[in-house]
Amino acid sequence: MKRAVILAACLAAAMPALAQTRPKPAAPKAPEKEAPAPPPPADAPAPYDRDLLRLSEIIGALSFLRELCGNPDAPEWPARMKSLLDAEGTSPGRRDRLAGAYNRGYGGYAVTYRVCTPSAVEAATRFIAEGERLSVALAGRFGG
């Protein structure tokens with residue numbers, strides 16, 4: 001306690017001396033350019049990103065295959081991807097990754113199939129089953 005009192009007294013005594021030795025402020029300078037804003041922090045991946053990217057890829061493949069085969073639900077798949085992007089595309093980087101996965105799924109089958117074949121129908125059926133499993137698992141584990 002005595003040390004604190006002595007230290008406070010020494011500081012108080014030194015204040016006038018410090019005030020006298022301070023240089024007077026110079027004339028105001030022209031405003032300097034502001035430093036550029038720091039870059040935004042990198043997207044921290046969510047624990048479910050891997051499954052979400054796979055789901056985006058599946059939706060892309062289904063967008064192509066269901067339209068190719070003339071299924072009545074064909075317009076639903078791009079709309080579902082848009083809903084997914086609106087919900088999960090919280091940053092430009094994340095949005096780009098999800099859209100890239102969709103495009104990979106779409107483009108991969110656009111290169112392979114030109115007409116609807118039994119294997120295209122089978123691939124779409126399997127993608128629907130896998131997408132359903134992923135959706136249920138994501139909703140069950142992470143809510144939604």
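Trainee: Which residues of α5 are buried?

Mentor: This is a predicted model. Buried means under 20% relative accessible area. In α5, the residues that are buried are Ala120, Ala123, Ala124, Phe127, Gly131, Leu134 and Leu138.

Trainee: Which helices do the buried residues of α5 pack against?

Mentor: Contact means heavy atoms within 4.5 Å. The buried residues of α5 pack against α2 and α4.

Trainee: Which residue follows α5, and what is its phi?

Mentor: Helix α5 covers residues 118-142. Next comes glycine 143. Its phi is positive, near 80°.

Trainee: How many aromatic pairs does the structure hold, and is the pair of tyrosine 48 and phenylalanine 142 stacked or tilted?

Mentor: The structure holds five aromatic pairs. In this one, the ring centres of tyrosine 48 and phenylalanine 142 are 5.2 Å apart. Planes under 30 degrees apart count as stacked and those over 60 as edge-to-face. The planes here stand at 50°, so the pair is tilted.

Trainee: How many residues apart in sequence are the parts that this pair ties together?

Mentor: Tyrosine 48 lies in the loop between α1 (2-21) and α2 (49-68). Phenylalanine 142 lies in helix α5, so the parts tied together are apart in sequence by 94 residues.

Trainee: Is phenylalanine 142 buried, partly exposed or exposed?

Mentor: Buried needs under 20%, and exposed needs over 50%. Phenylalanine 142 has a relative accessible area of 31%, so this residue is partly exposed.

Trainee: Are the rings of tyrosine 102 and tyrosine 106 stacked or edge-to-face?

Mentor: Their centres are 6.4 Å apart. Both residues lie in helix α4, four residues apart, about one turn of the helix. The angle between the planes is 25°, and the pair is stacked.

Trainee: Which residues does glutamate 88 touch, not counting residues up to four places away in sequence?

Mentor: Glutamate 88 lies in helix α3 (residues 76-88). Its relative accessible area is 18%, so glutamate 88 is buried. Beyond four places away in sequence, glutamate 88 touches Tyr48, Leu52, Arg94 and Leu98.

Notes
Residues are numbered from 1 along each chain as its sequence is written. This is a predicted model: local features need pLDDT of at least 70, side-chain atom pairs count only at pLDDT 80 or more; totals for chains, interfaces and linings use all residues. Side-chain values use heavy atoms; hydrogens and water are left out. Rings of Phe, Tyr and Trp (its six-membered ring) pair if their centres lie within 6.5 Å; planes under 30 degrees apart count as stacked, over 60 as edge-to-face and the rest as tilted. Helices (H or I, at least four residues) and strands (E, at least two) are DSSP runs, numbered from the N terminus. Buried means under 20% relative accessible area, exposed over 50%, partly exposed in between (1.4 Å probe, protein chains only).
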